[in-house]
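Trainee: I would like to go through the terms used for this model and see what each rests on.
Mentor: Go ahead; here is the structure.

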Amino acid sequence: DASGLEALSELVSNFQAAHTHVALCEVRANVLSKIVRSGIADKVGRENIHDSLSDWIVASTPKNTPII
């Protein structure tokens, strides 16, 4: 839905303007393809799109830090 993508894009812009890190997790494949086509994936940074919350935690945790 175009209005949903527009709202997401604006939300990402607002968070980034506030110097807040944005990451997307567990995005369904059909939605992710729309996010990619709309350019939102590039705005977020593809390295900030993760298959699961646990993948994001691992990616966001500094190396050599134990995860409990």
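**Terms and values**

Trainee: Why is glycine 39 called partly exposed?
Mentor: Its relative accessible area is 28%. Buried means under 20%, exposed over 50%, and partly exposed in between, with a 1.4 Å probe and protein chains only, so glycine 39 is partly exposed. Glycine 39 sits in the loop between helix 2 and helix 3.

Trainee: What are the ground rules?
Mentor: This is a predicted model, in which local features need pLDDT of at least 70 and side-chain atom pairs count only at pLDDT 80 or more, while totals for chains, interfaces and linings use all residues. Residues are numbered from 1 along each chain as its sequence is written, and side-chain values use heavy atoms, leaving out hydrogens and water.

Trainee: What makes the link between the side chains of serine 9 and lysine 43 a polar contact?
Mentor: The distance is 2.7 Å. A polar contact is a pair of N or O atoms within 3.5 Å; within protein, one must be able to donate a hydrogen and the other to accept it, and residues adjacent in sequence count only if both atoms are side-chain atoms. The pair therefore qualifies.

Trainee: Where is serine 9?
Mentor: In helix 1, residues 2–17; helices (H or I, at least four residues) are DSSP runs, numbered from the N terminus.

Trainee: Which residues of helix 1 are buried?
Mentor: Leu5, Ser9 and Val12. They lie on the same side of helix 1, because they cover an arc of only 60° around the axis, taken from the directions from the helix axis to the C-beta atoms. Glu6 and Ala17, on the other side, are exposed.

Note on methods
Helices (H or I, at least four residues) and strands (E, at least two) are DSSP runs, numbered from the N terminus.
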